[in-house]
Protein chains: 2
Amino acid sequence: MASCTVHTAPYSFHCGSISRPAAKAFSLGFHQKHQQFIFFSSRRRRAVVCSAVEKTVVIGLAADSGCGKSTFMRRLTSVFGGAAEPPKGGNPDSNTLISDTTTVICLDDYHSLDRTGRKEKGVTALDPRANDFDLMYEQVKAIKDGVAVEKPIYNHVTGLLDPPELIKPPKILVIEGLHPMYDSRVRDLLDFSIYLDISNEVKFAWKIQRDMAERGHSLESIKASIEARKPDFDAYIDPQKQYADAVIEVLPTQLIPDDDEGKVLRVRLIMKEGVKRFAPIYLFDEGSTISWIPCGRKLTCSYPGIKFFYGPETYFSNEVSVLEMDGKFDRLDELIYMESHLSNLSTKFYGEVTQQMLKHSDFPGSNNGTGLFQTIIGLKIRDLYEQIVAERAAATAAAAKV
Amino acid sequence: MASCTVHTAPYSFHCGSISRPAAKAFSLGFHQKHQQFIFFSSRRRRAVVCSAVEKTVVIGLAADSGCGKSTFMRRLTSVFGGAAEPPKGGNPDSNTLISDTTTVICLDDYHSLDRTGRKEKGVTALDPRANDFDLMYEQVKAIKDGVAVEKPIYNHVTGLLDPPELIKPPKILVIEGLHPMYDSRVRDLLDFSIYLDISNEVKFAWKIQRDMAERGHSLESIKASIEARKPDFDAYIDPQKQYADAVIEVLPTQLIPDDDEGKVLRVRLIMKEGVKRFAPIYLFDEGSTISWIPCGRKLTCSYPGIKFFYGPETYFSNEVSVLEMDGKFDRLDELIYMESHLSNLSTKFYGEVTQQMLKHSDFPGSNNGTGLFQTIIGLKIRDLYEQIVAERAAATAAAAKV
């Protein structure tokens, strides 16, 4: 049986011919369920069966280490209904997480230098010279085209490059790490991109929480490590946010004067306008500028309350819409109240955002804007994925008519 | 034919008996159209016809002179569909305005001292001693009960008390002037009360406009007259605002730093909570605090733009809702855009506020919050009137069943 791949941009069809007697088992024409169409070859000796190739949707998530990427990924996976697990029977130090719909790979796996190599050359992991962007591009492109790859593993425990692991094309591939938008070739493969932008004050508070309380590092060593990373971070990581379709900015609260505890956060969701398959969410009235303190006559909140802001802004010369939440939720009824006033949420039923947040109330950030906006972005990615699937189905149907 | 008035609070019925032969022309029972009910007397010799007495709805409007009361009245009358005219064939200096539905009387007509008398006693017109509150109470009460009165006329041209004019009970009586809420007996007769509160800066700018440009007064004399009035104004007029169901506050803009031109205004509509038959209007979400700059992606406005504010506040220990508009409208599409986001407007169709504003685009304040809030209060008064009429109809129907 001969086979070929037909590219009818933006979709591909994989076609093979079968003998006419075998084709009797099929009926001719378009088969919605299997996204297949069948027709006879020109000499009518054989039947041709074409199936749409399910191209993987690729999402990029950029952020510094320890900035809540894993929580974000757990929220995203949950929106699709499954739990993400490391690959079964593989390297126990694999950075990959797989669920029914999504595969999340960590871009640290494309480090070209291991810990010793970086030390020898005097470069940090943030430095492009410590990363193999050619391989990153080739492998992400291969997966997007439906081809499995042998991806390297960077072992965070040993600091060594371990033998590769097999990554099969999933429905949605998330590439998360320091450089998903650094290389323009990789960037062009992204169907959607997100940048988690944690302000220095908050980053410091979080690092202290994690590295000091959980890992026993000293305050000085944490400060020194942040300072040491800063030049490379500013040079190679931070500039990527200009390319992101959505940026989640995490800042200290403005509700408590001179707050430095970092327990109450002001979180801003910056959404680029004009992005295909992404309609920015809005509060009350699209395109105008609104500040909203929902706590009042109908909803009572404890100190320091909650304040929302929404409005158009310019971000790196791009027109964006910004939704901001300062403060934290006390109870469930607060969140459903907010949800009812937000539009373009891409939920499948009223209250889905609140339901998702409740389901993972133990995740960090569940009572503030980080959890809320991560959940919302998860819903927007699901919506984007479903739009692509629907477009593919329409394209297959159209191709069958030709 | 004997007659009597039956009081079944809060409504009154005027009943008369007619002979049974005459009653043949009527059918027994309740007549919705005429708000009448007919029954037989105990000895069944006569039929009794009872009609609901249309008690006049009384509205109080307090404000200093030259503060836009007459424009307000023209807007209010227009909401009811008619134009207000002075009484036909009467004193050409009458202060009264009559339309199909409303009669507006000026409380200056209850001055007990004329201009010379005030000068002799050294009191201003603002001083309660220059006003006859007993007569004001008696006459407003009489009109409310459906009885015509001979109301005095204070002649603003001559400064004298002219012979009285006949005021018949209208559907709606508006008493406007300096003291509609000063005397507690008069206050208790009001079905709704409004206070126009013009800040000193704006009052000064308006006085200059009117008295200097139109009447040829000097800047010094205007300043002196404002200063001279201030103590009595603060003592007798200003305190009435605590009793008002709605206050319209007119302040200088906050959109232009240090503006003293008074051409752009910040206008606040303060609406008391819990007032019978008056549901405060709100922006987007009832009971929360919102600031809204509608000018943006969908609506472009010229400098300095428009800013709305809405939220719960406390005003003289009363719980109130405040709606604020700073700035001015450039064009019609701006106003309909705002209208679509305001709730509880008591309009009869979508766009009625905008239509009313357009109809009187030549009135002062038509491009800012004074015109907008006067129009809205006009609609709320119409709604209040219609609620009273509907309750009266229901009471008549209920009385007929007894």
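These are my notebook entries on the contact between two chains and on some local features of a predicted model.

**Entry 1: ground rules.** I number residues from 1 along each chain as its sequence is written, with chains lettered from A and ligands numbered from 1 in the order in which they are written. Since this is a predicted model, I take local features at pLDDT of at least 70 and side-chain atom pairs at pLDDT 80 or more, while totals for chains, interfaces and linings use all residues, and side-chain values use heavy atoms, with hydrogens and water left out.

**Entry 2: the contact between the chains.** I first looked up which residues touch, taking contact as heavy atoms within 4.5 Å, and found that 22 residues of chain B are in contact with 22 residues of chain A. The size of an interface is often given as the accessible area lost when the parts come together. I read a buried area of about 1,700 Å² between chain B and chain A, with carbon and sulfur atoms giving 43% of that area; the term stands for the accessible area (1.4 Å probe) that two parts lose on being put together, summed over both.

Entry 3: Between chain B and chain A I noted four salt bridges, a salt bridge being a side-chain nitrogen of Lys or Arg within 4 Å of a carboxyl oxygen of Asp or Glu. In one such pair, the side chains of Glu319(A) and Arg297(B) meet at 2.8 Å, N to O.

**Entry 4: which strands supply the contact.** On the side of chain B that touches chain A, at least two residues each come from strand 16 (289-293), strand 17 (306-315) and strand 18 (318-327) of chain B. Strand 16 of chain B gives the most, with five residues. Helices (H or I, at least four residues) and strands (E, at least two) are DSSP runs, numbered from the N terminus.

**Entry 5: pairing through strand 16.** Which strand of chain B pairs with strand 16 of chain A? I found that strand 16 of chain B does, in the antiparallel sense and over five bridges, where strands pair if DSSP finds at least two bridges between them. Ile290(A) stands opposite Trp292(B) in this pairing. Within chain A, three bridges join strand 16 to strand 17, and these two run antiparallel; here Ser291(A) stands opposite Phe309(A). Strand 17 of chain A in turn pairs with strand 18 of chain A, antiparallel over 10 bridges, with Phe309(A) opposite Glu324(A). Strands 17 and 18 of chain A form a hairpin with two residues between the strands, in which Phe316(A) takes a positive phi near 50 degrees.

**Entry 6: how the copies are related.** The same surface serves both copies, since 100% of the contact residues of chain B recur in chain A.

**Entry 7: a salt bridge within chain A.** Asp191(A) forms a salt bridge with Lys144(A), with the closest N and O atoms 3.1 Å apart. Asp191(A) lies in the loop between helix 5 (184-189) and strand 12 (192-198) of chain A and Lys144(A) in helix 4 (residues 133-144), so the pair ties together parts that are 47 residues apart in sequence.

**Entry 8: backbone details.** Most residues other than glycine have a negative phi, and most peptide bonds are trans. I noted that the peptide bond from Tyr303(A) to Pro304(A) is cis, with omega near 0 degrees, and that Pro304(A) lies in the loop between strand 16 and strand 17 of chain A. Arg277(A) has a positive phi near 65 degrees and lies in the loop between strand 14 (265-272) and strand 15 (282-283) of chain A.
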